[in-house]
Each structure stands twice: as C-alpha cells, then as structure tokens.
Amino acid sequence: MPQKHALQFVDTVQEYNVPFYLRYLYIPGLTDDYKDIDKFIDYSKTLQNLKGIEFLPYHRIGVSKWKTLGIKYPLEDVKVPSNEKIEEARNHFTNAGMNVI
C-alpha cells in the first residue's frame, strides 16, 4: 500500500487528538475521478480532528526545475485543469460538507 505511512500518521494524529488538514492533489487523469474523490471524502468524514481539506489543483510551475536537473518530468503529458474543472471539483468537496481551503 503506497500510502501506508501517511495513513499511519493520520492514525497517530487522531490518537493524540491533534487538529490537522488533509491535502488533496487534483491531477487530471490521476485524481480527478469523482468515485475516488468520494472515497476520499468518506474517509475524511471519519476523522474527528480534521479541520478541512487543502485543495491543490495541478500546475506546471516546477517543470523547469526538473529540466534544469536533467530529469524527465513524470507528468509531462498532464494538462493543467481548467478553472471550471477546478471550481467544479472544489464545489464537490464543499457540497459534501467539507471545509475546503
């Protein structure tokens, strides 16, 4: 499970009753399926200390750093989502009762 350590961290935060935010990286073709978003929302609603979701849409700001380092950028073919798609996905979270920052 690739998210094993992140989930363990959430368990620890819950155990110590520490308020926290989760980040959701909205990446077209990878994390934009509403079935997956709904699973994330359902999981998030089980977390008593969760203050909200930090919604982070994909951007290409750091691409030049990869090129400068001579490393192939793994998301080269991913397009930046439109403002409409970003707002639609953000609204999906808020319509589900999530606090989105």
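Residues are numbered from 1 along each chain as its sequence is written, and side-chain values use heavy atoms, with hydrogens and water left out. Because the model is predicted, local features need pLDDT of at least 70 and side-chain atom pairs count only at pLDDT 80 or more, while totals for chains, interfaces and linings use all residues.

View 1. Helices (H or I, at least four residues) and strands (E, at least two) are DSSP runs, numbered from the N terminus. An α-helix has 3.6 residues a turn, so residues three or four places apart point the same way. At the start of H2, a side-chain oxygen of Asp33 comes within 2.7 Å of the backbone nitrogen of Lys35.

**View 2. Phe93 in helix H4**. Phe93 counts as buried because its relative accessibility is 0%. Leaving aside neighbours within four places in sequence, Phe93 is in contact (heavy atoms within 4.5 Å) with residues including Ile37, Phe40 and Ile41. Ile41 lies 52 residues from Phe93 along the chain, and their C-alpha atoms are separated by 7.2 Å.

**View 3. The largest pocket**. A pocket is an open set of points on a 1 Å grid over the protein atoms alone, where a 1.4 Å probe fits, with protein on both sides within 12 Å along at least five of seven lines; lining residues have an atom within 4 Å of a point. About 590 Å³ of space lies in the largest pocket. It is lined by 17 residues, of which Gln3, Ala6, Leu7, Arg23 and Phe40 are the closest to its centre. S1 gives the most to this lining, with 6 residues.

**View 4. The second largest pocket**. This pocket holds about 220 Å³ of space. Of its 13 lining residues, Leu25, Pro57, Tyr58, His59 and Tyr73 are the closest to its centre. The largest share of the lining, 3 residues, comes from H3.

Key: Polar contact = N/O pair within 3.5 Å; in protein donor to acceptor, adjacent residues only side chain to side chain. Points joined across faces, edges and corners; volume = space filled by probe spheres on them. Buried < 20%, exposed > 50% of the residue type's maximum accessible area, 1.4 Å probe, protein only.
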